[in-house]
Amino acid sequence: MSGAPREKWNSRTGFVLAAIGSAVGLGNMWRFSYLAAEHGGAAFVVLYLGFTLLVGVPVLLAEMALGRGARRSPIAALEHYGGRSWRGLGALFVVSGFVILAYYSVIAGWTFAYAISGLTGFGSDPAATFAEVSTGPDAVAWHLAFMALVVTVVIGGVRGGIERAAVFLMPALLVLLVGLALYASGLEGSGEGYRRYLSIDVSAVFDRDVMVQAAGQAFFSLSLGMGAMLTFASYVGRDTDLKRDSLVISASDFGVAFLAGLVVFPLIFAFGLEAQVGDSTLGALFITLPAAFAEMGAAGRVVGTLFFVGLAVGALTSAVSLLEVVVSTAIDSLGLSRRRATLFFGSVTALLGIPAALDIEILGLMDQVAGNFLLVLGGFLLAVFVGWRMPDPVAAVLPGAASRWGLGAWRGLLRYVVPPILLWVLWGSAEATLAAVGAVLG
Ligand code: TRP
């Protein structure tokens, strides 16, 4: 460990905002809407909410208890409470973070490209535009530019620019989303969209594959399963109420995703984009929204550009948290300076993302492998660790908490409920991952 005292957030709300900034990002809009569109709408949404409450909240609190308790980055924190044999889990976190950031940055690059194309009206054929923007030399260039931005922020420290930008642009994004949801509700034909989004096909709720994707999405959206929340909580003081914060963070995160669905689903049906979205579910958000913006004329350019700028900022605060895990680990465990660690690992990530920018199937595959399987695996092992191995997890949550209420149940969930559920999900995820690998390799 370096000799300098550990950094701390400016305030208690600084931590909550940073954690929400990590959680709210492309996952809530791009990933949520593509998975919901692909996996039966309402059934997916209900399962995703269920996994968020039953698994996401407990695992979020577990990561935060571990991070604040140990006041170390993931590998060192696991070693602190579990001995050397648990360091491997920290290493798994770092690998997951790398892969996720690599393709996440490619999608973030799309949002920049769209923000700019918005100025000129988004083009007339949304599906063709998406195919052009999402793969090839432009996608590579935007991906590299975005990674350069992430590296700059992580080198410079997160508080100054990024926190200030996020505090302004994230609320603006929320206002835009609400406005778009209202706009979409007035469109003719939106009813079918609400039906898909909100009325449940009970048989799909028991579909194994839908469950697996919903569980993975709960992890991805809450930034769980790879030590991001653990790392952020390691900068937190004993006056912070982790129990309350875990609920605030989860509720905000779910709220934004749900709202995104209230925009995307009515638009798909109001503009008759069902077939185009079906051809490229990965592009659901990027195909439907520009179609709506183009329809709105000059106002659509302004709103559309603002929307994608807001989304790019959301992506930036999330990407920063992904790189921060790798960097803080390299600082603690390899003794590198922040600058060197960031430049080196940022460059490696940028290279790793290039294949995803050249082939959208590879992007989808990386999302399945890391964004689903590795996160669920990491979350499972972490729940087992905090539930069974960490000496007194409840004592790690208590400082700052208003009461002990719910903490016994929390530990019970971590021990007896979360691991079996996740083991079951993991099995399905492994199958889905192998199938996806097979499909891409042909
Ligand atoms: N949660 C972010 C989103 O929804 C992405 C993200 C940031 C993430 N940090 C993470 C995902 C750590 C998994 C793990 O866009």
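Two residues are in contact when heavy atoms lie within 4.5 Å of each other. The model shown is predicted: local features need pLDDT of at least 70, side-chain atom pairs count only at pLDDT 80 or more, and totals for chains, interfaces and linings use all residues. Residues are numbered from 1 along each chain as its sequence is written, and side-chain values use heavy atoms, with hydrogens and water left out.

**View A. Serine 246 in helix H13.**
Helix H13 spans residues 242-270 and holds serine 246. Helices are DSSP runs of H or I with at least four residues, numbered from the N terminus. Serine 246 has a relative accessibility of 1%, so it counts as buried. Buried means under 20% relative accessible area, with a 1.4 Å probe and protein chains only. Apart from neighbours within four places in sequence, serine 246 is in contact with Val57, Leu60, Leu61 and Met64.

A backbone N or O atom of phenylalanine 220 is 2.8 Å from a ligand nitrogen atom. A polar side-chain atom of serine 321 lies 3.1 Å from a nitrogen atom of the ligand, and a polar backbone atom of serine 22 is 3.2 Å from a ligand nitrogen. On its own the ligand has 360 Å² of accessible area, and the protein covers 100% of this. Such areas come from the Shrake-Rupley method with a 1.4 Å probe.

**View C. Helix H4 and its cover.**
Helix H4 (residues 74-82) is largely enclosed by the rest of the structure, because seven of its nine residues are buried. These are Pro74, Ile75, Ala76, Ala77, Leu78, Tyr81 and Gly82. Among the elements covering them are helix H3 (42-70), helix H5 (87-119), helix H12 (228-233), H16 and helix H18 (360-389). After H4 comes glycine 83, with a positive phi near 85°.

**View D. Threonine 288 in helix H15.**
Threonine 288 belongs to helix H15 (residues 284-295). Its relative accessible area is 0%, so threonine 288 is buried. The side chain of threonine 288 reaches the backbone oxygen of leucine 285 at 3.4 Å. Neighbours within four places in sequence aside, threonine 288 is in contact with Val264, Leu267, Ile268, Leu273 and Val277.

Technical notes. Helix = DSSP H or I, 4+ residues; strand = E, 2+ residues; numbered from the N terminus. Buried < 20%, exposed > 50% of the residue type's maximum accessible area, 1.4 Å probe, protein only. Polar contact = N/O pair within 3.5 Å; in protein donor to acceptor, adjacent residues only side chain to side chain.
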